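Colleague: Could you walk me through this model the way you'd read it yourself? I'd like the general idea of each feature, then the case at hand.

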Amino acid sequence: MEDSPKTDPSKVGDLGAQLAKNAPESGQRAGQGEAPAPDHYKNKPEDRHIKEAIPVPDVAGAKYHEPILAQPPEALTGLRLEGREKIAAGVTAVVKSMQFSWSEGGMGRGTKALLGLNQKNGFDCSSCAWPDPDEHRSVAEFCENGAKATASDADDKAAGPEFFAKHSLAELSRMTDRDQNNAGRLTHPMVKYPGDNHYKPIAWPDVFNLIAKELNALDSPDEAVFYTSGKIPNEPAFLLQLFARQFGTNNLPDCSNMCHESSGSALSPTLGLGKGSVTLNDIHDAEVILIIGQNPGTNHPRMLSALQAAKRNGAKIISINPLIEAGLNHFKNPQDFMNPLRALGALLGDGTQITDLYLQVRVDGDMALLRGIMKHLFEAEDLNPGLVVDRPFIAEFTEGFDSFEQNIRNTSWEEIEEISGISRAQLLEAANMLARKQKIITCWAMGVTQQRQGVQTIQEIVNLHLMKGAIGKPGAGTCPVRGHSNVQGDRTMGIWEKMPKGFLESLEKEFGFTPPIEHGLDVVEALKAMRLKKTKVYFSFGGNLLAAGPDTEVIAEGMRNQNLTVFVATKLNRGHLTTGKTSLLLPTFAHVDIDMQKSGHQMTSCENSMGVVSQNKGILVPLAGDQLSEVAIVCGMAIATLGDKTRIDWVAMTENYDVIRDHIARVIPGFENFNVKLRSPGGFYLPNGPRERKFTTEDGKAHFSTTTLERYEVEPDQLIMMTVRSHDQFNTTIYEYNDRYRGIHNERRVLFMNPADMASRGIKAKDLIDITSHFNGEERRVEKFVAVPYDIPKGNVSAYFPEANPLVPIGSVAKVSNTPTSKYVVVTVVPTAVNNDVRIKEREKMMA
């Protein structure tokens, strides 16, 4: 509550812990505690995998026989091509941020929102999970995409009952994803009953009774799926998993299953914790930083400020990515415009050069590339014994080195060069940067995790750090860069289909019921179950699974198979339109909104990519309407559904979120005195064993991995596609049709192609093309994309999601993590030859 520290001094916390002069060094974390954080990956029983075949969807034909479009409409909006930009941010980013902010929330409301964004007494950005500085924070502690996300949340337009009365679901599905998002904030609970084609208003008591009726009518609790977006704060996330488990299921898939599941699957058995091991200060102190499969200029723009600080401290940066990205080239820090000593240079110069060595790897070639670097390092060690490989660290802290070393030495240079597309000489240049250094950090994102061998590639990243002793010391460690604001925190709170026995035992002790122990369904298995009619209720806590997941038409058919779909959201998206027989659309608060409950102004919390938990307290009055907080929605559902079966005081937790945090403090290690520590300015660090060289594996050692480098063959006419986001989108939310860093304006249905690949297929710039994906004899086709020549390795292509997601097969997943392989899709590309006019007329006739 806002005034708790005023009325109870014990809740103030250690106000000096986060002052600049007391900023913690690496390995000396304020309030971190002694015990390692719990490991969520070891000692797990067999996962639940559905064996039945999933029917191959008619991707291209769906638009002719389904009145509600699951895929974005094919209408082109007028592509304008410009040259690729070489400098990220700068004045343009500032202008774009303010334009979008004021257009959404108005000048006063929009500016107020930005001033509270990422401040110690404000609210957490609802976009990426990049950490805020421990010490001084700028008055503008946000990036362009954070400003857009906040402006979208602060929108002063309402999409209320009148909007849904005017537009049918079919009409809404013909809007672009951008126009759906820009329709305004959801303000009233809405329902679609069987046979309806409009959402209609419904009262909240009727909402909860309807949910309870459908859930309690299930033959098994496992016929319900509870999906969570990484935007959900800790407190409601904890309550959702609590409700689901008392209801009787572990079906708690979340967006982590589709992004960094591979990171956790690789890090836990090797280092003992499925999270990164560095802090923001470590980035500043690093000597060498590797950035693999990540585009920080678009996906995590505030990271560029940290990279700039590292460069100014003398760091070298190696970038590994199939596309040449502006944010990995040069960066103009908007904060420099407020510094008289740097303003002129920031305005007229090229900014800070970010990358010292750019390795334009082939899609899915990162594992071979890493082996090449390590093979060079072993050769350097042979010539300089004891100066390259940290053998004292290896002897004291690790296991499995000999097998790993032999595996790397036995890998041929021919195989390394062929798979990675990088020459032995370039890999030597990278190895030379690393050879005499130990303060090394490797950052990666979905460009690695969504590969077929994403888990094994991350294990090779860990191998590199272990052989160099580059972990558990200032300026060194692993850095998986998470996406959504609280995706890491949701997992910590128990949003996972296979939480370990210790967590479930703590829940039982705290709340007096026995949670189910059988593993639930992750995203891929849940989508299969929905498609095969093995589930009947789908509950979505934020997000847009239809647009985020693979095989869009499989997801759509699965949604239609449900008796009830429930969507808790702040704004309309395409996923709300392809529904079950009955569907609820429930409006809730965003991070920016003031959440007033019986005990006063409430705060929630989020955990960023580096394990810092900080408060989130809204500053804007919500739009007029009938929204409920996420906490109130979960508690209302629980009360109606569980009835006399629960002894949990859901009302108390709704009225005062401190009560929730007291429960969390007794269930989850690292959250002791949660209410006290959360009120410390800047929050507090969670325990992190690898950061202190305390490897919480079963034997207490860090483990080298001996992986298998697999070579995959494709037909001569086939290409490898990866999906990416544009600069004017965050996750599945589309703000505009532009991607200015890549020179794309006013269009999203594009395919980036190597000019040689275009020429061999008779395709010219801006030609219309059809794309077909190939997997185990299955084919999926999307039509009417625009070919764009681009600097991408020969044999590789790239397209935006969600437009290209229908091509990603539900059965194509990364080993171990079961993550969809959105960064490895085998496709063929041909000029569009089919005249669709006849089919379009037939479809219009059908709908009439």
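**Reading the model**

Modeller: The chain has 32 helices and 33 strands, where helices (H or I, at least four residues) and strands (E, at least two) are DSSP runs numbered from the N terminus. This is a predicted model, with pLDDT of at least 70 needed for local features and 80 or more for side-chain atom pairs, while totals for chains, interfaces and linings use all residues. Residues are numbered from 1 along each chain as its sequence is written, and side-chain values use heavy atoms, leaving out hydrogens and water.

Colleague: What share of the 848 residues is buried?

Modeller: Buried means under 20% relative accessible area, exposed over 50%, and partly exposed in between (1.4 Å probe, protein chains only). Here buried residues come to 66% of the 848 in the chain. As for contacts (heavy atoms within 4.5 Å), take those with a separation of 6 or more: 81% of them join residues 24 or more positions apart.

Colleague: Now helix packing. At what angle do α9 and α27 pack?

Modeller: Axes are lines fitted to C-alpha atoms, for helices over the stretch in contact, and angles run from 0 to 180 degrees between N-to-C directions. Helix α9 (residues 234-247) packs against helix α27 (residues 630-642) at about 15°, with the axes 9 Å apart. Under 35 degrees is roughly parallel, over 145 roughly antiparallel, 65 to 115 roughly perpendicular, and the rest oblique. So α9 and α27 are roughly parallel to each other.

Colleague: Which residues of α9 and α27 make the contact?

Modeller: From α9 they include Leu239, Leu240, Phe243 and Phe247, and from α27 they include Val631, Val634, Met637 and Leu642. For classes, Ala, Val, Leu, Ile, Met, Phe, Trp, Tyr, Cys and Pro count as nonpolar, Asp, Glu, Lys and Arg as charged, and the others, Gly among them, as polar. That gives 11 nonpolar, two polar and two charged residues in the contact of α9 with α27.

Colleague: And is the crossing of α9 and α27 left-handed or right-handed?

Modeller: A crossing is left-handed if the near helix is turned anticlockwise from the far one by less than a right angle, and right-handed if clockwise. The α9 and α27 crossing is left-handed.

Colleague: How does α8 cross α27?

Modeller: The axes of helix α8 (residues 204-216) and α27 come within 8 Å and cross at roughly 55°. That angle makes α8 oblique to α27, and the crossing is right-handed. Trp204, Phe208 and Ile211 are among the α8 residues that meet α27, whose side of the contact includes Ile633, Gly636 and Ala640. The α8 and α27 contact holds nine nonpolar, four polar and no charged residues.

Colleague: Let's move to single residues. Where is Pro233?

Modeller: Pro233 is in the loop between β7 (224-228) and α9, and it is buried, with a relative accessible area of 2%. Leaving aside neighbours within four places in sequence, its contacts include Asn486, His591, Cys606 and Glu630. Pro233 and Ala590 sit 357 residues apart in sequence, yet their C-alpha atoms are 9.9 Å apart.

Colleague: What does the side chain of Asp593 reach?

Modeller: Think polar contact: a pair of N or O atoms within 3.5 Å where, within protein, one must be able to donate a hydrogen and the other to accept it, and residues adjacent in sequence count only if both are side-chain atoms. The Asp593 side chain reaches the backbone nitrogen of Ala590 at 2.8 Å. Asp593 itself counts as buried, at 3% relative accessibility.

Colleague: And which side chain joins that of Arg748 in a polar contact?

Modeller: Glu803, at 2.8 Å. A polar atom of the Arg748 side chain also lies 3.0 Å from the backbone oxygen of Phe801. Arg748 is in the loop between β28 (744-745) and β29 (750-753) and is buried, at 5% relative accessibility.
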